[in-house]
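Thank you all for coming; I would like to take a few minutes to walk through one structure with you. Please have a look at it on the screen before I go on.

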Amino acid sequence: MISHEKEERSMRSLVLASSVGTVIEWYDFFLYGSLAIFFARLFYPPGDDVAATLISVATFATGFAVRPLGSLIFGYMGDSVGRKTTFLITLLIMGCSTAAIGLLPTFATAGYAAPVLLILLRIVQGLALGGEYGGAATYVAEHSPPGERGKWASYIQAMASGGFVLSLGMVLTLRLWLGEDAFGTWGWRAPFLVSFVLVAVSLRIRLRLSESPVFVEMHKQGKLSKSPVRDAFRIPGNARRIILFLFGVACAQAVTFYTAQFYALYYIQTFMRMPFLPATLSVAVGAFLGVPFFVLFGALSDRIGRKRLSLAGMAAAVLFYIPIFSIIRHAITPENTSYATISACVFVLVIIAAAVYGPYGAFIVESFPANVRYTSISVPYHIGNGIFGGFLPLVSLWLVTQTGNPYAGLLYPMGLCLIGFFITLFWVPETLNVRKGAHTQIVSLSHEAIGEG
């Protein structure tokens, strides 16, 4: 009992140290997303509001587009240099690039140089984030007790949503405190500049962490990959697993997460024309209430399986997205908007996302061999989120604009969830029974699972 209690306390400390950095990195990355509609008038030419909004959302998507490249760069480092070192580097890059956005000139001051600089910094952010998730998820999962890997790894997923909520909360607080005029003039810079302080604190916490025991053991045994990117696609069966996981679980995870967080926000601001403050507050409340469900579903996956919960979330998205957005649409009227109804709908959207995303950390870590795990995790995760998820707001808003149908934008996430459902059902194996006890066994069993042991 004492041993279990010590292990529990140790894991809590480790997860806290890992997830603090993760929530800061997601805060940094999502901060622009929280203000993308607002940035349309600051960094782009005046005149056509719809075009400026779409371009601003496209700039948001730019940061996602380069995440697959970041996953290869930092995946290589994570599998060859170490998990801890790599996610310390990504934290520093993310924090500095975010703070730099707070120092940028606007279009009124610098003309077209302003959006160019903004896009360049979004690219740097995307590269850094491409290395974050693989490092944090691998690090936590490789420390976790065999029967609780879903529970502990799910905190990393929860922190992604936590970063979104923190970014919304920071923006809301400053706009209410400073007022619209001051916030529009200079106050919008503050949440970006705060990143300097947040990163310094999280960096100090992460520096206390030791390297992953799995990585240390592989280093001692001389089993580190000399070329993780090449080996991730050369090891028999691994490339197939990466592709199936990408189009199965990863794409569905990405589109459910970004539908719940960003598309809902952009939809009610752009097409339902709800003012920024009540729209942001309504979404923030729903997203905040949904955060614990990532951990709840992660822990539940330790008992009933990763695959079953993921499939349930995908099916729920296909069945319930249109009814949920119909309720949102009818809750917004000029006479009497029901903010509680909007928050409740966002809450349900987050629960759907959590069913897929909560078990995701353990699911993907257990699916790949240890010596190329950082790379193998990062590639499907960041292609799924960077391409399919990152472009969701842009594609979905464009579909609504082109068709005039308020639900046309949902065809994109629903279609990907339907594809992901069948690929996962038939070709992605359950990993719950990958009960790797000792950390040294994780290395050998990972190889045995792919025919190399």
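When I say that residues meet, I mean contact in the sense of heavy atoms within 4.5 Å. Please also keep in mind that what you see is a predicted model.

Let me begin with a pair of helices, α5, which covers residues 83-101, and α11, which covers residues 195-207, and which pack at an angle of about 170° with their axes 9 Å apart. Since angles over 145 degrees count as roughly antiparallel, α5 and α11 are therefore roughly antiparallel to each other. On the α5 side the contact includes F87, L88, L91 and L92, and on the α11 side it includes F196, V199 and L203. Taken by type, the residues of this contact divide into 9 nonpolar, 4 polar and 2 charged.

Turning to the surface, we find a nonpolar patch formed by L103, L193, F196, V197 and V201, which together have about 470 Å² of accessible area. The largest share of that patch, 3 residues, comes from α11, while L103 sits in the loop between α5 and α6.

Key. Residues numbered from 1 in each chain as written. Predicted model: local features only at pLDDT ≥ 70, side-chain atom pairs only at ≥ 80, totals over all residues. Heavy atoms only, no water. Axes fitted to C-alpha atoms, helices over the stretch in contact; angles between N-to-C directions. Helix = DSSP H or I, 4+ residues; strand = E, 2+ residues; numbered from the N terminus. Parallel < 35°, antiparallel > 145°, perpendicular 65-115°, else oblique. Nonpolar A, V, L, I, M, F, W, Y, C, P; charged D, E, K, R; others polar. Patch = residues over 30% accessible without salt bridge, like charges linked within 9 Å, V, L, I, M, F, W, Y side chains within 5 Å. Areas by Shrake-Rupley, 256 points an atom, 1.4 Å probe, with all protein chains shown as cover. Salt bridge = Lys/Arg side-chain N within 4 Å of Asp/Glu carboxyl O.
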